[in-house]
Amino acid sequence: MDGHSADYDLAVLSSMVNHLQDYLEGDRLFKTITVHTPEGERLLKMTIGGILQRLEALHEEPLDPEQADELAELEREFERTRDRNRDLYYKKLGRELKSYMDSWRWFLQNCWDGDHKCIADYPQEVATRLRIESLLEEGSGQPALQEGRQRVHELDERLRANWEPGAFVLPAAQASKYPEDRFWWLYGYPRVNTY
C-alpha cells in the first residue's frame with residue numbers, strides 16, 4: 001500500500017480491526033493507535049476509510065496461503081464488528097465523509113479562485129476524492145449519507161464545468177482499476193480560473 005510488505009499491512013489492519021469497537025464507541029474521528037509491525041512500533045491514525053483502504057490494498061497484493069487466511073479472518077472480524085454496531089458505524093462513516101468532503105471542497109475552491117499550484121497538487125489531492133468514493137460505496141443505500149452524496153454530486157458537477165480532460169493523473173499501473181467513464185476526475189485537471 002505505501003511500499004511496505006504484506007506482513008506490515010496485515011499488522012496495521014489487524015491493529016485497526018482490534019481497535020474498531022473502541023473507535024466506534026469513542027468520540028474521535030481520527031484515532032491514534034500503536035501498531036507493532038515487522039518494521040517496529042508505529043503510531044498511526046485510524047479511520048473507517050483507512051481500514052477500507054488497507055483491505056483493498058491487501059486484496060491486490062500477492063499473498064501466501066497463511067497471509068490470505070489471516071486477511072480473510074480479519075475481514076470477517078471487521079464485518080462482525082460493523083454489523084453489531086451498524087448505527088455507530090454509519091454515523092462515524094458519515095462524519096469521516098464530511099471531513100474529506102470539506103477538505104476536497106477547500107482544495108477545489110482554491111483552483112476555482114485562481115491558485116495555479118492546483119494543477120501541480122492535483123495528483124496528490126485527488127486521493128481525497130478516491131477516499132470519498134470508497135466511503136460512499138461502503139455506505140451505499142444508507143439514508144444517513146444522503147446529504148454527503150448530494151454534496152459530492154454538486155462538487156462533481158461544478159468540477160465537470162471547470163475541467164480539462166487529459167492523461168491519467170495517478171501512476172499508469174493503476175489505470176485499469178479506475179475506468180475513465182466512472183472515474184473521469186482521474187483523467188485530466190481542474191481548470192484554474194484566471195481573472
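Helices α2 and α5 are roughly perpendicular to each other, a description used for angles of 65 to 115 degrees, whereas angles under 35 degrees count as roughly parallel, those over 145 as roughly antiparallel and the rest as oblique. The axes of α2 (residues 48-60) and α5 (residues 117-138) cross at roughly 95° and come within 10 Å. On the side of α2 the contact is made by Gly49, Gly50, Leu52 and Gln53, and on the side of α5 by Arg131, Ser134, Leu135 and Glu138; contact means heavy atoms within 4.5 Å. These residues divide into 2 nonpolar, 4 polar and 2 charged. In this division Ala, Val, Leu, Ile, Met, Phe, Trp, Tyr, Cys and Pro count as nonpolar, Asp, Glu, Lys and Arg as charged, and the others, Gly among them, as polar.

The model is predicted, so that local features need pLDDT of at least 70 and side-chain atom pairs count only at pLDDT 80 or more, while totals for chains, interfaces and linings use all residues. Residues are numbered from 1 along each chain as its sequence is written, and side-chain values use heavy atoms, with hydrogens and water left out.

Two packed helices are described by the angle between their axes and the distance between the axes. Axes are lines fitted to C-alpha atoms, for helices over the stretch in contact, and angles run from 0 to 180 degrees between N-to-C directions. Helices (H or I, at least four residues) and strands (E, at least two) are DSSP runs, numbered from the N terminus.

Helix α1 (residues 6-25) packs against α3 at an angle of about 15°, the axes being 10 Å apart. The two helices α1 and α3 are therefore roughly parallel to each other. The crossing of α1 past α3 is left-handed, that is, the near helix is turned anticlockwise from the far one by less than a right angle (right-handed if clockwise). Among the residues making the contact are Leu10, Leu13, Val17 and Leu20 of α1 and Leu71, Leu74, Phe78 and Thr81 of α3. By class, the contact of α1 with α3 has 9 nonpolar, 4 polar and 4 charged residues.

Thr81 is placed in helix α3 (residues 65-84). Thr81 has a relative accessible area of 3% and is buried (buried means under 20%, exposed over 50%, partly exposed in between, with a 1.4 Å probe and protein chains only). Not counting residues up to four places away in sequence, Thr81 touches Leu20, Gln21 and Leu24.

Helix α4 (residues 86-112) and helix α6 (residues 146-161) have axes 11 Å apart and an angle of about 15°. That makes α4 roughly parallel to α6. The crossing of α4 past α6 is left-handed. Residues of α4 including Leu97, Met101, Trp104 and Leu108 meet residues of α6 including Val152, Leu155 and Leu159. The contact of α4 with α6 has 8 nonpolar, 2 polar and 5 charged residues.

A search of the whole structure finds 1 disulfide, defined as a pair of cysteine sulfur atoms within 2.5 Å. The disulfide is formed by Cys111 and Cys118, with sulfur atoms 1.8 Å apart. The torsion about the S-S bond of Cys111 and Cys118 is about 85°, so the disulfide is right-handed. Both Cys111 and Cys118 are buried.

Lys45 lies in strand β2 (residues 40-46). Lys45 counts as exposed, at 56% relative accessibility. Leaving aside neighbours within four places in sequence, Lys45 is in contact with Met16, Phe30, Lys31 and Thr32.
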